[in-house]
Amino acid sequence: MRENARVAADFKAFKGDYQELVDEISELLGVPATLENRDFELIAFGAYDSDDELDPSALDPVRTRSILTRRSTATVRAWFEGFGITRATGPVRIPSSPEAGVYRGRICLPVRHRGVVLGYVWLLDGDPGPTDAQLAAAMEVAGRIGALLADEAEAGAGLSRELRAVLTAEPGWQQDMAVAELRTALGPRADGPLTLVCVAPWPSPDPDDAPAARTIPHTTALCTLPWGTSEQSLALLVRLRTTEVTAPALAAAGRLLKEAEGARAGRGGGAFGGGAAGGAGRRAGAGAGAGRGGGAGSGAGVPAPGNGARGAGARAAAAAAAGFAGAARVAGGVGCAAGVGDPRIGLAELGTVWQEAAGATRAALAEPRFGPVAEWARIGPYRLLTALPPQAAHDPVVGPLLSPTHRELARTAEVYLDCAGQAARTAAELGIHRQTLYYRLSRVEQLTGLDLDDGEDRLLLHMALKRARL
């Protein structure tokens with residue numbers, strides 16, 4: 001508890017301390033300074049107060065973008081790192097390069113702590129530039145910034161651990177203890193309106209690759225959590241002004257989705273966590289696209305399951321649903337999505353809020369119309385479907401319909417049920433003749449043994465098809 005109280009106090013002090021230290025460097029050298037972490041995310045910048053303030057050459061697009069968007073592009077980062085700033089222990093002078101948008105030369109002061117680079121102080125160079133004595137004094141201040149960044153990283157890791165403990169603890173006394181620890185660490189910030197955002201699949205399994213909470217607006221703490229069997233999700237604890245307005249959470253989710261998509265593009269456009277399952281899903285999606293509007297004989301020769309086939313059907317249903325869900329996800333063009341839980345006051349129901357956020361994310365991945373950012377309150381029947389336990393996910397009767405062979409039949413059945421059983425609307429939605437629709441529906445009945453004129457059978461089929469997307 002005492003350690004968590006120290007973390008809370010440290011977090012309150014960091015932002016002001018960074019600004020004071022950056023201003024100190026600006027005053028020492030007489031030039032504007034900016035501070036970025038090692039991922040080129042802006043932390044603080046000094047006021048620009050010099051004789052050439054209105055000089056167009058001072059309006060450096062790279063510096064302007066860094067200040068306005070609070071980060072630099074990957075191209076800019078690679079260009080600057082090409083001058084060896086990640087290895088440097090002293091000031092590095094970087095010449096101007098108008099073609100790269102760098103109209104003014106730079107001096108980079110690497111910010112290190114115990115030999116590890118944690119950030120960079122950037123100075124606009126001039127003629128004459130700072131003296132060696134001035135730069136030495138600025139490097140001493142950069143060392144103090146390094147110690148502060150190290151302390152913040154330790155505090156952020158503490159909050160990340162506490163948040164992860166709450167979201168992974170079993171309900172009961174274990175979760176209550178974890179909530180108490182997180183409440184102590186957050187201090188007064190724990191008592192206001194809060195919600196959780198889930199972003200998944202997150203592109204990196206390494207927790208160190210997650211952004212700092214400071215760089216995401218309104219975010220108090222964040223951590224990574226397992227998503228499925230091989231992927232990761234990112235959980236954000238977001239402060240709100242009121243439980244009625246979720247705009248800050250939506251903004252934070254949108255910001256992270258852009259970062260995730262950028263990381264995805266940087267890796268060649270492959271799906272996050274692109275293992276064998278991801279590849280299978282993508283291949284299944286291609287097959288779904290090719291089969292759309294195809295012939296009606298896709299299920300020929302497969303007998304309807306009887307009662308004796310239920311055990312085998314249950315096993316087959318789980319395997320078949322993976323391909324069905326993968327096809328649905330890829331067909332919608334969804335790489336990752338975000339979900340927002342219902343806001344609460346305080347931390348007492350944080351476990352429930354996380355289940356809501358994760359459920360909304362799964363709904364957005366399954367149904368792109370909900371995404372890319374879905375709110376729990378707005379996903380309708382998926383609130384019930386996402387709450388079903390894994391063992392209830394796949395009904396054996398529906399299993400044969402979920403196999404890749406019968407994907408077009410499954411889509412036909414789902415659209416038919418979405419259209420409330422109206423044949424004309426369904427045929428128009430699928431772009432097929434009504435007689436083709438009737439043939440496909442008869443094949444669905446043969447495969448499942450269900451009667452589409454029976455309300456309960458239709459309900460079972462509809463729920464099973466929707467649940468398979470999740």
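User: Does E367 count as buried or partly exposed, and at what relative accessibility?

Analyst: This is a predicted model, in which local features need pLDDT of at least 70 and side-chain atom pairs count only at pLDDT 80 or more, while totals for chains, interfaces and linings use all residues. Residues are numbered from 1 along each chain as its sequence is written, and side-chain values use heavy atoms, with hydrogens and water left out. Buried means under 20% relative accessible area, exposed over 50%, and partly exposed in between, with a 1.4 Å probe and protein chains only. E367 therefore counts as buried, at 10%.

User: Which residue forms a salt bridge with E367, and how far apart are the closest N and O atoms?

Analyst: A salt bridge is a side-chain nitrogen of Lys or Arg within 4 Å of a carboxyl oxygen of Asp or Glu. Side chains of opposite charge can pair when their charged atoms come close. For E367 the partner is K466, with the closest N and O atoms 3.3 Å apart.

User: Where in the chain do K466 and E367 lie, and how many residues apart are they?

Analyst: Helices are DSSP runs of H or I with at least four residues, strands are runs of E with at least two, and both are numbered from the N terminus. K466 is in helix α14 and E367 is in the loop between α9 and β11. The pair links distant parts of the chain, 99 residues apart.

User: Is K466 buried or exposed, and what is its relative accessible area?

Analyst: K466 has a salt bridge with E367 and another with D418. By relative accessible area, K466 is buried, at 8%.

User: What is the N to O distance between D418 and K466, and where do these residues lie?

Analyst: D418 counts as partly exposed, at 41% relative accessibility. D418 is in helix α11 and K466 in helix α14, 48 residues apart. Their side chains meet in a salt bridge with an N to O distance of 3.2 Å.

User: Which residues are linked with K466 in a network of salt bridges?

Analyst: A search of the whole structure finds 14 salt bridges. K466 pairs with E367 and with D418. The residues linked with K466 in the network are E367, R369, E414 and D418.

User: Which residue forms a salt bridge with D39?

Analyst: D39 is in the loop between β1 (33–37) and β2 (42–45), and its partner is in helix α3 (residues 74–81), 38 residues apart. The closest N and O atoms are 3.6 Å apart, and the partner is R77.

User: Which residues form the negative surface patch?

Analyst: Patches are made of residues with over 30% relative accessible area and no salt bridge, like charges being joined within 9 Å and nonpolar side chains (Val, Leu, Ile, Met, Phe, Trp, Tyr) within 5 Å. Asp and Glu count as negative, Lys and Arg as positive, and His and the chain ends are not counted. One member, D454, is in the loop between α13 (434–448) and α14 (455–469) and is partly exposed at 33%. The patch is formed by D451, D453, D454 and E456.

User: Which peptide bond is cis with omega near -10 degrees, and which with omega near 10 degrees?

Analyst: Most residues other than glycine have a negative phi, and most peptide bonds are trans. P201 is found in strand β6 (residues 193–202), whereas P372 is in the loop between α9 (350–366) and β11 (373–375). The bond with omega near -10 degrees runs from A200 to P201, and the bond with omega near 10 degrees runs from G371 to P372.

User: What is the phi of H218, and what is the phi of A420?

Analyst: H218 is in the loop between β6 and β7 (219–227) and is partly exposed, at 38%. A420 lies in the loop between α11 (407–418) and α12 (423–430). Neither is a glycine, yet phi is positive, about 70 degrees for H218 and about 60 degrees for A420.

User: Which residues are in contact with R183, leaving aside its neighbours within four places in sequence?

Analyst: Contact means heavy atoms within 4.5 Å. R183 lies in helix α5 (residues 173–186) and counts as partly exposed at 35%. The residues in contact are A190, L347 and A348.

Note on methods: Areas by Shrake-Rupley, 256 points an atom, 1.4 Å probe, with all protein chains shown as cover. Charge placed at Lys NZ, Arg CZ, Asp CG, Glu CD.
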